[in-house]
Amino acid sequence: MNPSSVNLLEYLRSKTQIDLDSFDITVVEEFGKCVDCTSNQVFLYVSLMSSINIEQYEYYTELTKPARKEILEKALELALNLHDQFPEVTFEELAVEVAAVLLGHEMLPAFTGSLHVMANPNHAYSKQKVVETAKRIHSIFALVDPFFPTARIVIKVAATWEGLQGCRELRDYGIKTLATTVFSMEQVILAGEVGCVSISPFIHELRILLDPKYRDPHPLLDLCVQAEEYYKRLSLPTKVKACSNANLDELLQLAGVDALTLVPDDLKALKSSYRDAKEVDELSLFKADRHDQGEPQNVSYINDELKYRGDFERAQDGRARGKLAEAIDIFRNFQAKAEAVIRNARS
């Protein structure tokens with residue numbers, strides 16, 4: 001091995017926070033503890049499995065795995081007992097949330113920071129439903145484990161106008177939020193204004209998870225840099241957690257971002273890879289001489305829905321709006337699949 005080479009996983013951990021995008025507790029045995037643990041309607045309930053043909057992927061819900069049978073049964077039991085307390089949701093939706101809490105709680109040994117649970121994407125365009133969902137998830141956590149510190153819970157909310165206004169209200173209740181499905185600076189700015197503790201810019205469109213051969217012709221590596229620099233210039237505490245990468249080089253380009261949210265396959269590839277240290281350093285977009293040191297954008301959206309919608313509509317010639325809508329639709333599809341697992345298990 002070249003004496004100047006570095007292990008890529010160790011290198012990234014020295015430059016940026018590494019978060020785990022999985023609710024598979026066995027991951028910690030191979031890669032060690034990550035800082036935050038996060039998931040969504042795809043990875044929370046769905047494990048991505050490579051088949052014999054590397055170009056094909058099969059999806060299996062976490063809740064249908066034999067090892068998850070006990071959690072599924074417990075989720076059904078708890079949801080049945082709790083449904084009278086939460087009549088605003090269907091039994092299936094409540095059971096999915098209970099299962100998410102149980103799966104997340106099981107991950108405690110795998111991380112040292114915050115646990116992220118995504119709100120039902122079917123409510124992405126309803127401020128009221130976003131607020132209700134976040135409060136309900138907190139209540140379920142308290143019932144499952146009265147001693148679990150609420151400060152470690154972060155609710156992931158789709159970065160629509162309504163969702164971000166919900167985050168604004170949740171901040172007043174002391175509930176932490178992350179703005180996910182971020183594809184534009186308009187979303188970045190509003191997420192900072194409403195008090196999200198972090199954002200998740202998607203480097204590639206979410207469809208990359210369904211079609212591994214797909215590549216976004218307009219990847220958003222620069223958006224991650226611009227967002228972090230924007231928050232620093234305005235002294236906002238919101239952190240940038242990049243996700244949805246296509247390859248290891250993109251992760252190396254983002255060395256220095258606040259956090260990288262990685263799936264187990266990425267962790268495995270990084271752990272087994274070595275590169276020349278100088279070559280790796282040169283890839284980073286966060287080198288001091290590459291930073292944008294301009295003045296903060298003199299714009300505020302928090303109380304101006306019309307301006308926000310107009311600017312977001314035009315962002316990236318309309319691509320940002322399309323990417324957001326597509327991502328929410330994909331999450332909705334997997335929410336439906338998760339609810340179907342509950343429905344079938346109950347029948």
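Modeller: Let us begin with V188, which, once its neighbours within four places in sequence are left aside, is in contact with V182, I199, L223, A227, Y230 and Y231. Please keep in mind that this is a predicted model, in which local features need pLDDT of at least 70 and side-chain atom pairs count only at pLDDT 80 or more, while totals for chains, interfaces and linings use all residues. Residues are numbered from 1 along each chain as its sequence is written, and side-chain values use heavy atoms, with hydrogens and water left out.

Colleague: What makes V188 and I199 count as being in contact?

Modeller: Contact means heavy atoms within 4.5 Å, and I199 is among the residues that V188 reaches in this way. Both V188 and I199 also belong to the group that touches the most other members of the largest nonpolar core, a core of 110 residues. A nonpolar core is a set of buried Ala, Val, Leu, Ile, Met, Phe, Trp, Tyr and Cys residues joined through side-chain atoms within 4.5 Å.

Colleague: Why is T180 called buried?

Modeller: Buried means under 20% relative accessible area, exposed over 50%, and partly exposed in between, with a 1.4 Å probe and protein chains only. T180 has 1% relative accessibility, so T180 counts as buried. T180 lies in strand β8, residues 176-182, where a strand is a DSSP run of E with at least two residues and a helix one of H or I with at least four, numbered from the N terminus.

Colleague: How do you know that C167 is buried?

Modeller: C167, in helix α6 (residues 161-172), is at 1% relative accessibility and therefore counts as buried as well. Leaving out residues up to four places away in sequence, C167 touches V157, T177, V194 and C196.

Colleague: Why are the buried residues of helix α3 said to be on the same side?

Modeller: The buried residues of α3 are I71, L72, A75, L76, A79 and L82. They cover an arc of only 140° around the axis, so they are on the same side of α3; the arc is that of the directions from the helix axis to the C-beta atoms. The face turned away from this buried side carries the exposed residues K69, E70, E77, L80 and N81.

Colleague: What covers the buried residues of α3?

Modeller: The cover includes α4, α5 (127-144) and α13 (319-346).
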